[in-house]
Amino acid sequence: MRPLLVARLVLWPLGVKAQEHHQMHHAYYQNWVNKQDKGCCNNQDCGELRAENERMNGDRVEVRIDGEWCPVQSWHYLKRGNAPDWSSSHVCVQKYATTANAGACQRLLCYQPKPGT
């Protein structure tokens, strides 16, 4: 169990880099609400999504979180709020799991695609 924890801590920064520029766009993110009426931002978990961390799988969008491809569910899309920069997609992902067995995909809170995606 301990080696798994150490490996996760060592690899953790790789997933965080999928989201960038939270501080630059925080004023926009703090008002985001997903289609489940849940707030998306806790001052650290939203950011621009690098193109290599987003893909189409059939007719579904997937985003990479901590190396795992996660399907974007219909309720992840924004109900309220707008992207601060339309040159990329944006996501909000909790940095830490709220339960011990929560996977990377369960930490995805919100998704805003770039236009044309």
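Is the disulfide of Cys40 and Cys110 left-handed or right-handed, judged by the torsion about the S-S bond? Point 2 gives the answer.

1. This is a predicted model, in which local features need pLDDT of at least 70 and side-chain atom pairs count only at pLDDT 80 or more, while totals for chains, interfaces and linings use all residues. Residues are numbered from 1 along each chain as its sequence is written, and side-chain values use heavy atoms, with hydrogens and water left out.

2. The structure holds three disulfides (pairs of cysteine sulfur atoms within 2.5 Å). One of them joins Cys40 to Cys110, S to S 1.5 Å. Its torsion about the S-S bond is about -55°, so the disulfide of Cys40 and Cys110 is left-handed. The pair links distant parts of the chain, 70 residues apart: Cys40 is in the loop between E2 and E3, and Cys110 is in strand E9 (strands are DSSP runs of E, at least two residues, numbered from the N terminus). Cys40 and Cys110 are buried (under 20% relative accessible area, with a 1.4 Å probe and protein chains only; exposed is over 50%, partly exposed in between).

3. Cys46 and Cys92 form a disulfide with sulfur atoms 1.9 Å apart. The link of Cys46 and Cys92 is right-handed, with 105° about the S-S bond.

4. Cys70 and Cys105 form a disulfide with sulfur atoms 2.1 Å apart. Cys70 is buried at 0% relative accessibility, whereas Cys105 is partly exposed at 24%.

5. The sulfur of Cys41 lies 4.4 Å from the closest cysteine sulfur, that of Cys46, which is too far for a bond.

Conventions: Helices (H or I, at least four residues) and strands (E, at least two) are DSSP runs, numbered from the N terminus.
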